[in-house]
Amino acid sequence: MATRLLRTNFIRRPYRFSALKPVGPPTVTASTAVVPDILSFGQQQEPEPPLHHTKPNESHHDIDLSDQARLFSSMPTYDLLRSTAVLHAAAIGPMVDVGTWVMSSKLMDTALTRGMVLGLVKSTFYDHFCAGEDAAAAAERVRSVYEATGLKGMLVYGVEHADDAASCDDNMQHFLRTIEAAKSLPTSHFSSVVVKITAICPISLLKRVSDLLRWEYKSQNFKLSWKLKSFPVFSDSSPLYHTNSEPEPLTAEEERELEAAHVRIQEICRTCQESNVPLLVDAEDTILQPAIDYMAYSSAIMFNTDKDRPIVYNTIQAYLRDAGERLHLAVQEAEKEGVPMGFKLVRGAYMSSEAKLADSLGHKSPVHDTLQNTHACYNDCMTFLMEKASNGSGFGVVLATHNAESGGLASRKASELNIDKKNGKIEFAQLYGMSDALSFGLKRAGFNVSKYMPYGPVETAIPYLLRRAYENRGMMATGANDRQLMRMELKRRLIAGIA
């Protein structure tokens, strides 16, 4: 079966509302490099101010990351020591490069050296960034993390792409087992499961559907007979350059494949609905995203029937220039149809590949020109969604970020809106093994906080681990602050032990 797990391309993409709600500074010159991020939680490459220390006149609504003893009080010393070592190792550029070379070298072709390498990886990076080798092990890791720290888990089967129907069917079964594993846990321990449409619908078909959706948006006379009811997936500023001529209609075989993909996602959604387990649909690059948005929204219309709590969440990537407009359009249509919608807000990934593709076609990159514009877009989308979630509309929001500034802004906004931090309408998320200080700080501030916890066999998780290493090396702000806080806490414990 042609399934690809956690792909190895390490390149990834930034913002501006235009017609609906102008936000942030005006567009400026070309952007700086942005860190790759499998979840796109926080492209944070500019140094932040020094570690925050609360001042006497400062608002108590800010999250406090100043007291490392309190932040890491739930973390055993052994785990703290291992985490510190892994994050420091991942931040060393040459070590990451050597690791990449080893994983693609002939050392992996020999049983002895392969076993040694995988054993080392499992006891260090794998155990730090991954939840286990199967759904049952991942569920137990979620349980232990919650009992130790109060942080919830988002269960993620670590597969990204499938290229044929057999692989898609197999992946669907893995996602169903993920839901069963989540259902076996107390509801206080987990927040959601995550699905990638690219794992249950062939990539080639998603590209075809995206082309046809773009052409339908361009040409009012172009109709798609197979199209289900959905919400808008484009705005006036959306990139449409991927499709320069009218695509051929779907063949009968492609229509059957698309119907099979709808059946898969609907089966996953139905199981989530029956199990009361929220489902987060992950995002992809713009060449595929229209089809993913279409399938996510059509599924939400079918299964978000509880007016107080959505089951299906779509992902908005704030580094895209059209993100704000598309979010407003989708929300407007959801409100019009009376559908409570869930959104996961991320910054974004695929920046380099987006820029290269756009340049090859003679167009400007669809991402924001600067990291500051991406931050501005993220924060504005975040504020907009929090306001929607606070007004009793049934909207749900997952704020996936490694950015402490966004976390603090959200905390103050929640206080301003008198949001109930525990009702599940708003929660935060960070990658498992990263930004623990921010996770603990938000948890201590009273928010629901989850860790995105991928699972799968060690061998298939290697590309994910390499990407974590590349990402951590570049996250100069959050990564450096976490490492500094961990060092401070280890030193404090050492001194206390000696005393």
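Select helix H8, residues 252–275, in this predicted model. Helices (H or I, at least four residues) and strands (E, at least two) are DSSP runs, numbered from the N terminus. Among the buried residues of H8 are Glu-254, Leu-258, Ala-261, His-262, Arg-264 and Ile-265; Gln-266, Ile-268, Cys-269, Thr-271, Cys-272 and Ser-275 are buried as well. Buried means under 20% relative accessible area, exposed over 50%, and partly exposed in between (1.4 Å probe, protein chains only).

Residues are numbered from 1 along each chain as its sequence is written.

Next, display what surrounds H8. Its buried residues pack against helices H6 (165–183), H7 (203–218) and H9 (289–303), and against strands S4 (190–195), S5 (279–281) and S6 (312–317). Then consider the length of H8: its 24 residues should span 34 Å at 1.5 Å a residue, and the end C-alpha atoms are 35 Å apart, which agrees. The expected span of a helix is 1.5 Å times one less than its number of residues.

Move on to Asn-276, which follows H8 and lies in the loop between H8 and S5. Its phi is near 60°, a positive value in a residue other than glycine. Asn-276 counts as partly exposed because its relative accessibility is 44%.

Select Ser-299 in helix H9. At 2% relative accessibility, Ser-299 counts as buried. Apart from neighbours within four places in sequence, Ser-299 is in contact (heavy atoms within 4.5 Å) with Ile-265, Cys-269, Asn-304 and Val-312.

Among the lining residues, select Arg-214, Val-233, Phe-234, Gln-289, Pro-290 and Asp-293. The volume of the largest cavity is about 100 Å³, a volume being the space filled by probe spheres set on the points, with grid points joined across faces, edges and corners.

Now select the cysteines. A search of the whole structure finds zero disulfides (pairs of cysteine sulfur atoms within 2.5 Å). For Cys-201, the nearest cysteine sulfur belongs to Cys-168 and is 6.4 Å away. For Cys-381, the nearest is that of Cys-377, 3.9 Å away. Cys-381 counts as buried, at 0% relative accessibility.

Ser-435 has a positive phi of about 55° although it is not a glycine, and it counts as buried at 2% relative accessibility.

Finally, colour the chain by pLDDT, the predictor's confidence in each residue, from 0 to 100. The chain averages a pLDDT of 84, and 84% of the residues score at least 70. Select residues 3–40, where pLDDT stays under 50, and then residues 42–60, where pLDDT also stays under 50. Where pLDDT is low, the predicted coordinates should not be read in detail.

Key:
Predicted model: local features only at pLDDT ≥ 70, side-chain atom pairs only at ≥ 80, totals over all residues. Heavy atoms only, no water. 1 Å grid on protein atoms, 1.4 Å probe; cavity = no way out; pocket = protein on both sides within 12 Å on 5 of 7 lines; lining within 4 Å.
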